[in-house]
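Opening the notebook on a new model today.

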Amino acid sequence: MPHSTVKIDELINDHSKCLEDWYRGTYAVSAAPGMPVAKMPDIKKIEFLFNEWFNARREQLTNLICIEWDYPSKRLDPKFQDIVQLTAALADYLVHFKTIIPAPFSTAVLLIQNGLDKLCKVL
């Protein structure tokens with residue numbers, strides 16, 4: 001199993017770890033160099049922050065993932081019926097947008113787990 005699919009599999013199977021990874025990747029970017037990131041909030045707070053982040057970028061994510069990456073056709077592609085493979089492919093795509101999505105692996109997992117099918121109108 002390639003490195004990215006191993007990481008994706010770990011994040012899919014540990015929701016708390018996934019949220020913490022997303023939080024570190026998203027908020028460590030805005031911390032001053034050399035300064036430690038503030039104490040890790042509890043999981044409910046991180047879920048809230050992810051939802052705020054997602055809602056603030058809904059249109060941008062729709063354009064980037066649903067339209068440009070064509071998530072609906074990938075979701076129906078037989079080679080992406082395995083959720084780990086689909087999520088790894090999305091994460092590999094998101095890596096190219098680190099200024100917008102600083103934690104691509106955990107973001108891909110959270111997006112798929114939190115309704116990317118609905119966002120992209122996949123039946």
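Predicted model: local features only at pLDDT ≥ 70, side-chain atom pairs only at ≥ 80, totals over all residues.

I started with the order of elements: from the N terminus on, the chain runs α-α-α-α-α-α-α-α.

Next I looked up the overall numbers. The chain has 123 residues, and 39% of them count as buried. It exposes about 7100 Å², with carbon and sulfur atoms supplying 56% of that area. I also checked contacts between residues at least 6 apart in sequence: 65% of them join residues at least 24 apart.

Cysteines next. How many disulfides are there? I get one disulfide. The partners are Cys 66 and Cys 120, with their sulfur atoms 1.9 Å apart. That is within the 2.5 Å cut-off, so the pair counts. I had the torsion about the S-S bond computed too; at -75°, the link of Cys 66 and Cys 120 is left-handed. This pair ties together distant parts of the chain, 54 residues apart: Cys 66 belongs to helix α4 (residues 58–68), and Cys 120 to the segment after α8 (116–119).

Are these cysteines buried or exposed? Cys 66 has 8% relative accessibility, so I put it down as buried. Cys 120 is buried as well, at 7%. While at it I looked up Cys 18, which is buried with a relative accessible area of 0%.

Cys 18 took me to helix α2, where the buried residues are Cys 18, Leu 19, Trp 22, Tyr 23, Gly 25 and Thr 26. Helix α2 (residues 15–27) has 13 residues and reaches 18 Å from first C-alpha to last, close to the 18 Å expected.

Then the rings. I count nine aromatic pairs in the structure. In one of them, Trp 22 and Tyr 27 have ring centres 6.0 Å apart and planes at 85°, so I log the pair as edge-to-face. Trp 22 is buried at 0% relative accessibility, whereas Tyr 27 is partly exposed at 28%. Trp 22 also pairs edge-to-face with Phe 50, at 5.3 Å centre to centre and 85° between the planes. Phe 50 is buried, at 2%.

I then listed the aromatic cluster around them: Trp 22, Tyr 23, Tyr 27, Phe 50, Trp 53 and Phe 54.

Last entry: I found the charged end of Lys 74 over the ring of Trp 69, 4.9 Å from the ring centre.

Key
Residues numbered from 1 in each chain as written. Heavy atoms only, no water. Helix = DSSP H or I, 4+ residues; strand = E, 2+ residues; numbered from the N terminus. Buried < 20%, exposed > 50% of the residue type's maximum accessible area, 1.4 Å probe, protein only. Contact = heavy atoms within 4.5 Å. Areas by Shrake-Rupley, 256 points an atom, 1.4 Å probe, with all protein chains shown as cover. Expected span 1.5 Å × (residues − 1). Phe/Tyr/Trp six-rings, centres within 6.5 Å; stacked < 30°, edge-to-face > 60°. Lys NZ or Arg CZ within 6 Å of the ring centre and 35° of its normal.
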